[in-house]
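User: I am new to this structure. Please show me how to read its main features.

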Amino acid sequence: MGIIIEAKGLTKTYGKRAAAFTALRDVNFQIEEGETLAIVGKSGSGKSTLMHLLALLDTPTHGTIKIDGIAASRLKGRKLNKLRNQRFGFVFQQFFMNANDTVLENVMLPLKIGKVNRFKRKKLAMEALKTVGLEDKAKNKATDLSGGQKQRVCIARAIVNNPKVIFADEPTGNLDSGTGDKITDLLFDLAKKQGVTLIIVTHDEDLAKLCNRIIRISDGQIISDQTVRSDYQAKASEKREKEAARVRKANK
Ligand SMILES: Nc1ncnc2c1ncn2[C@@H]1O[C@H](COP(=O)(O)OP(=O)(O)OP(=O)(O)O)[C@@H](O)[C@H]1O
Ligand SMILES: [Mg+2]
């Protein structure tokens, strides 16, 4: 497992001169592949700003972001879009769906951008819809779904191109707790089974606790960074150790 995202000296200032506001100040950390990371903090503390920078949707005023060791500032235009499209999945409330398109069209969108042929697009999108339990809604208009179903479509769209990292900004916000739990299970299942790196911005402490790492931010700075080994990681490493012991024994 290597480092998938590295942030060094990240600073973001919005606006100019008298209107300038520094939303993020000298933020440094690294994210390992397969981590489940929660970013928590009060409203206005800079969580979404940080998430947008990490996801390469916005550029920092100062500092650098490396993805798999490559400085993002070196990637421009098509290359940047390609990297974002191939490696990242987004569950953002503001990137909602195209209301008048069907559910299927919405889920196929990242593949369309990635120039995957229509036959394969449809197949992969139906698989993603199946994962979130909405294959029977494929032909419905996106507007005709409930809030929780829309959120599940967003997850389907986020996973359809088999991303390495999923960024989720308040994925359970505005949902009742039952639906929120379903969304949570879906996301953590992906992390567990497919080794997807999860980065979740949330106000919800219970959701944060499911992650193996919690970064707290306040006024644009990290005030704590705790790593806890979650149950599934402990099990995976136990399995690896057993296998290594078996190999050692066999080689004796
Ligand atoms: N485009 C912008 N121009 C100017 N200021 C901005 C802009 N975007 C965000 N800000 C300011 O930067 C600060 C951090 O905003 P950000 O959206 O990152 O907060 P947040 O932690 O995600 O809050 P919330 O929990 O309410 O979503 C806020 O004070 C906000 O007003
Ligand atoms: Mg926000």
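Analyst: First, the ground rules. This is a predicted model, in which local features need pLDDT of at least 70 and side-chain atom pairs count only at pLDDT 80 or more, while totals for chains, interfaces and linings use all residues. Residues are numbered from 1 along each chain as its sequence is written, and chains are lettered from A and ligands numbered from 1 in the order in which they are written.

User: How many helices and strands are in the chain?

Analyst: Helices (H or I, at least four residues) and strands (E, at least two) are DSSP runs, numbered from the N terminus. Here there are eight helices and 10 strands.

User: What does the radius of gyration say about the chain?

Analyst: The radius is taken over C-alpha atoms, and the globule rule is 2.2 Å times the number of residues to the power 0.38. For 252 residues, a compact globule would have a value near 18 Å; the chain has 19 Å, which agrees. Its C-alpha atoms fill a box of roughly 70 × 45 × 40 Å along the principal axes.

User: Now the sheets. In what order do the six strands lie?

Analyst: Strands of a sheet pair through backbone hydrogen bonds, either parallel or antiparallel. Two strands count as paired if DSSP finds at least two bridges between them. The six strands form an open sheet, ordered β6-β7-β8-β3-β9-β10, with mixed pairing. At the edges are β6 (88–91) and β10 (221–227), each pairing on one side only. Inside this sheet, β3 (residues 36–40) and β9 (residues 213–218) run parallel, joined by four bridges. Leucine 37 has arginine 213 in β9 as its bridge partner.

User: What order does the sheet of four strands have?

Analyst: This open sheet reads β2-β1-β4-β5, with antiparallel pairing. Its edge strands are β2 and β5 (70–71). β1 (residues 3–14) and β2 (residues 21–32) share eight bridges. The two form a hairpin with six residues between them, and glycine 15 in the turn has a positive phi of about 75°. Isoleucine 5 stands opposite isoleucine 31 in β2.

User: Which strands does helix α1 touch?

Analyst: Two residues are in contact if their C-beta atoms, placed from the backbone, lie within 7 Å. Axes are lines fitted to C-alpha atoms, for helices over the stretch in contact, and angles run from 0 to 180 degrees between N-to-C directions. On the four-strand sheet, α1 touches β1, β2 and β4 (62–67).

User: At what angle do α5 and α6 pack?

Analyst: Angles under 35 degrees count as roughly parallel, over 145 as roughly antiparallel, 65 to 115 as roughly perpendicular and the rest as oblique. α5 and α6 (residues 177–194) pack at about 10°, with axes 10 Å apart. They are therefore roughly parallel. Residues making the contact include Ile155 of α5 and Leu186 of α6. α5 (residues 147–159) also lies across β6 and β7.

User: Last, is lysine 12 buried or exposed?

Analyst: A residue is buried if 20 or more other C-beta atoms, placed from the backbone, lie within 10 Å of its own, exposed if 12 or fewer, and partly exposed in between. Lysine 12 has 22 within 10 Å, so lysine 12 is buried. Lysine 12 is found in β1, and its bridge partner in β2 is leucine 24. Beyond its neighbours within four places in sequence, its contacts include Thr49, Leu53 and Pro60. Across the chain, buried residues make up 36% of the 252.
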